[in-house]
Amino acid sequence: MKIIETIAELKSLRPKLAEPVGFVPTMGYLHQGHLALVRQARAENPSVVVSIFVNPTQFGPHEDFKQYPHDPQRDLALLEKEKVDIVFMPPADEMYPPKFNSWVEVGKVAERLEGAARPGHFRGVTTVVAKLFNIVQPDRAYFGQKDAQQLIVIRKMVADLDMSLEVVAVPTVREPDGLAMSSRNTYLNPEERKAALVLYQALTLAQKLWSQGEKDAKVIRQQMTDLIQKQPLAEIDYISIADAETLDELDRVKPPALVSMAVRIGKTRLIDNVVLNSENKDY
Ligand code: AMP
């Protein structure tokens, strides 16, 4: 496994990689969710590149950039075990030199939900992912369904800007009790960790109501709200039931619909989602 810190070095190695090349962008502090992406990339491609880069431009001024957890030695040991070919770990000024001044911005689908709650977030995401795609030149890039809107925004960028790669979605990996794995779960104290289960419970409730024939999005949203409000440590940021491609909010649930939410548990903001489709399965 080669560990690369400069763009020039990665670009010079790229032509030597057997194709197709699978790529997994991450911000590190890896867990089983990240490793599911890496394993799928490993199974589908002769070469696998993983990036670890905590991207400053996707964090708002009052967000957790400075405290974002990191443990590069542990991450590298995990990636070595998965037989990754290259880990790209650039320092921030390698990706954003002092005169950096170009941005990639996706329209409507990036402006709602997470985009509305975190202004500038997706501009940072799409800019860094476009740069990483240009540097790594992957044939396939793997993203988690856990960040459903990110996946939609990236697909839109790839389609609109004619990028020559396939975007592969990987299902959300959960803890045994249902909490979606996230690097930010480490911020939760034991009491908050228990309270955080309310996100999954609300999503399970939505799935149940839908499978019982409930089509009124307002009814589903209200029942989810009621359930979450019973948990004193939880504060709802948003609950959305939207078209899974356009992210237009729905009055009547028409599959595939994305049920997504952001909920604060104490100071920690968690997101999670499920897709309601005709088979009522995650995709
Ligand atoms: P991050 O390091 O948070 O930027 O995540 C890197 C990639 O891992 C993104 O494509 C995420 O959607 C994905 N990911 C994070 N958590 C999970 C999870 N629990 N299950 C599946 N994919 C995940």
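Two strands count as paired if DSSP finds at least two bridges between them. Keep that in mind as you look at this predicted model, starting with strand β2, residues 21-26.

On one side, β2 runs parallel to strand β3 (residues 47-52), and six bridges join them. To get from β2 to β3, follow helix α2 (residues 32-44); together the three make a right-handed β-α-β unit.

So how enclosed is β2? Six of its six residues are buried, so the rest of the structure largely encloses this strand. That goes for both faces: Val-21, Phe-23 and Pro-25 are buried on one side, and Gly-22, Val-24 and Thr-26 on the other.

Next, the nonpolar cores. The largest one has 47 residues, and Phe-88, Phe-133 and Met-157 are among those with the most contacts inside it. Helix α6 (residues 121-136) gives the most to this core, nine residues. Both domain 1 (2-170) and domain 2 (184-276) supply at least three residues each. Zoom in on Met-157 and you'll see contacts with residues including Val-104, Val-129 and Phe-133. Apart from this core lies another, of 29 residues, with Ala-202 and Val-274 among them.

Last stop: Arg-174, in the loop between β6 (166-170) and α8 (190-195). Its side chain makes a polar contact of 2.9 Å with the side chain of Asp-272. A polar atom of the Arg-174 side chain also lies 2.9 Å from the backbone oxygen of Gly-178.

Technical notes. Residues are numbered from 1 along each chain as its sequence is written. This is a predicted model: local features need pLDDT of at least 70, side-chain atom pairs count only at pLDDT 80 or more; totals for chains, interfaces and linings use all residues. Side-chain values use heavy atoms; hydrogens and water are left out. Helices (H or I, at least four residues) and strands (E, at least two) are DSSP runs, numbered from the N terminus. A polar contact is a pair of N or O atoms within 3.5 Å; within protein, one must be able to donate a hydrogen and the other to accept it, and residues adjacent in sequence count only if both atoms are side-chain atoms. A nonpolar core is a set of buried Ala, Val, Leu, Ile, Met, Phe, Trp, Tyr and Cys residues joined through side-chain atoms within 4.5 Å. Buried means under 20% relative accessible area, exposed over 50%, partly exposed in between (1.4 Å probe, protein chains only). Domain bounds come from an automatic or database domain assignment. Contact means heavy atoms within 4.5 Å. A crossover is right-handed if, with the strands pointing away from the viewer, the path from the first strand over the helix to the second runs clockwise. Lists of a residue's contacts leave out its neighbours within four places in sequence.
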